[in-house]
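Student: I have a structure open on my screen and would like to learn how to read it with care. Could we go through it feature by feature?

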Amino acid sequence: MHEFLNYVVLGLTRGSMYALIALGYTLVYGVLQLINFAHSEVFMSGAFGSYLVVNAVTHDGAHPAWYGVIGILVLGLGSGAAVGAAVAYGLERVAYRPLRRRGAPKLAFLISAIGASFFLSQLAGKLFNRLNNNDFPTYFNVNHHVVAVAGVTVSLVQAIIIVSALVMMLFLDTMVNRTKLGSSIRAVAEDAPTAALMGIDIDKTIARTFIIGGALAGAAGFLFGTAYFFSNTMGFIPGVKAFAAAVLGGIGNIRGAMLGGMLLGLIEVLLPTFPWWHATGLIGIQWTDVVAFLILVLILVLRPTGLLGEKLGRAA
Amino acid sequence: MALLEVDDIEVRYGAIRALKGVSFDVEEGEVVALLGANGAGKTTTQKTVSGMMRPALGEIRFDGERIDGVPAHTLIHRGICHVPEGRRVFPRMSVKENLEMGAFRFKRPDKQVLDHVMELFPRLQERITQFAGTLSGGEQQMLAIGRALMGKPRLLLLDEPSMGLAPLIVQQIFEIVREINGEGVTVLIVEQNAAQALALANRGYVLETGEVVLSGSGKDLLADDRVRAAYLGEEIA
């Protein structure tokens, strides 16, 4: 039982990060009906950006007191979000807006996204010496158990990831549903020409949507780096999985992306470690990626509009 | 000086010239109708006035200032509010949210204007929390007009408010437009329902394949044989 609960914690941890990245896919899809396939590199950029900033104020193995941990956390999330937002905004201006102005076909956007994605990933590789699987320096004792009851443990880094992801998602949900910025994003998603008639600047709203999605992915980059590793190719697998999560919840649907991310994290961990076949030794935790992508295929075949439907966008 | 002066505008969709030099004007406080068959260029004319399209040639002046080529989201700040063809309410927003979207250009919606819209359209008050997509066609048209009013228009552009609605509802909507005009809002209305529109309008222009072919007072146009034959479906002996 405690093993199962530990896997639940692990699933929620991974799911939190997928959800944060998935929100970026879904927000942009909402306003542009376009999958931003360079989004995984926004996530990667956030990890590198936060590494540079946090490294400047502290050092590996510093193990500060609790307020030091919170300080590093805020700084890391903030700088990751800032770099992610800046890169996402740059993507929109360089890779997408010029195509939109020209009324380019959808395929052009896809190619542009792939190009931008390679560019960013290779640029990071060049700048950071292609160090693969760099461990993020441990600025605080990530493996310290904040909960340890009857064999069920939640490490500090897991708690940090789950709590900060929940806080950010709550913040986003409130912003989208209760602020003017949020209503302008929803209006553009529902009907852009009519939104313009209301006085909403479509280009600005699209840029802001990229910035918000980029900030969430950048913050997730910091969290991922702290928990696992970082490298210039770190974005690919989490990026594709977050895309799967967005589709699972219903692409364009904000709450769907959150639900899809959490569910995907839980399923990909719990399914292969299910005690019954886990005991056979045939499949185990190393099957998580297989399960995740199997879910993507199944959802596309069986319920392409996702669990909650495509709510934000025009395609209902 | 007229409130709106449209001076020889030409609008193209790619190689197709949708408007081939259209001119007309709207005086402050007037109701002006644009009539014509499908594809005559009525909607394109309105879209160009509200900034959704940009003319290739010609000038549009509002209050004496050139506004051609100014994007729609800035034009609304001058008080040009457009109720687009097909109503285009935001289907997954509530009635209330739709009305608030109409007042987007202000820091917050004007409570008095909101109350006034509720008075004009009591049906909207009843359905205030409902998603706009669940409303009937007539209610959506009311919502679209109410939404435009929330932007405190000086010039209200109405594109086919009668489209697809039952005659009784059309009657109601035209009465409300008359009321809105009575409060000092200038109206430029596009209609296929020529009889209704001309009964309301001070003046009208008839468009045919991108050109103004006829203009005059509402009464004169109603009495004109060509208008009666083409748009009122009457046989001319």
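The dialogue below turns to confidence, then to the fold of chain B, and then to the interface.

Student: What ipTM and pTM does the model score, and which average pLDDT does chain B have?

Tutor: Bear in mind that this is a predicted model, and that where pLDDT is low, the predicted coordinates should not be read in detail. Here the scores are ipTM 0.92 and pTM 0.91, while chain B has an average pLDDT of 93, with 97% of its residues scoring at least 70.

Student: How many helices and strands does chain B have, and what does its radius of gyration agree with?

Tutor: Chain B contains 10 helices and 10 strands, and its C-alpha trace spans about 50 × 40 × 35 Å along the principal axes. Because a compact globule of 237 residues would have a radius of gyration near 18 Å, the 17 Å of chain B agrees with such a globule.

Student: What share of the residues in chain B is buried, and what share of the contacts with a separation of 6 or more joins residues 24 or more positions apart?

Tutor: Buried residues account for 47% of the 237 in chain B, and of its contacts with a separation of 6 or more, 65% are between residues 24 or more positions apart.

Student: How many residues of chain A are in contact with chain B, and which elements of chain A give two or more of them?

Tutor: On chain A, 14 residues are in contact with 18 residues of chain B, and the elements of chain A that give two or more residues to this side are helix 6 (180-190) and helix 7 (192-197).

Notes: Residues are numbered from 1 along each chain as its sequence is written. Chains are lettered from A and ligands numbered from 1 in the order in which they are written. This is a predicted model: local features need pLDDT of at least 70, side-chain atom pairs count only at pLDDT 80 or more; totals for chains, interfaces and linings use all residues. Two residues are in contact if their C-beta atoms, placed from the backbone, lie within 7 Å. Helices (H or I, at least four residues) and strands (E, at least two) are DSSP runs, numbered from the N terminus. pLDDT is the predictor's confidence in each residue, from 0 to 100. The radius of gyration is taken over C-alpha atoms; the globule rule is 2.2 Å times the number of residues to the power 0.38. A residue is buried if 20 or more other C-beta atoms lie within 10 Å of its own, exposed if 12 or fewer, and partly exposed in between; C-beta atoms are placed from the backbone.
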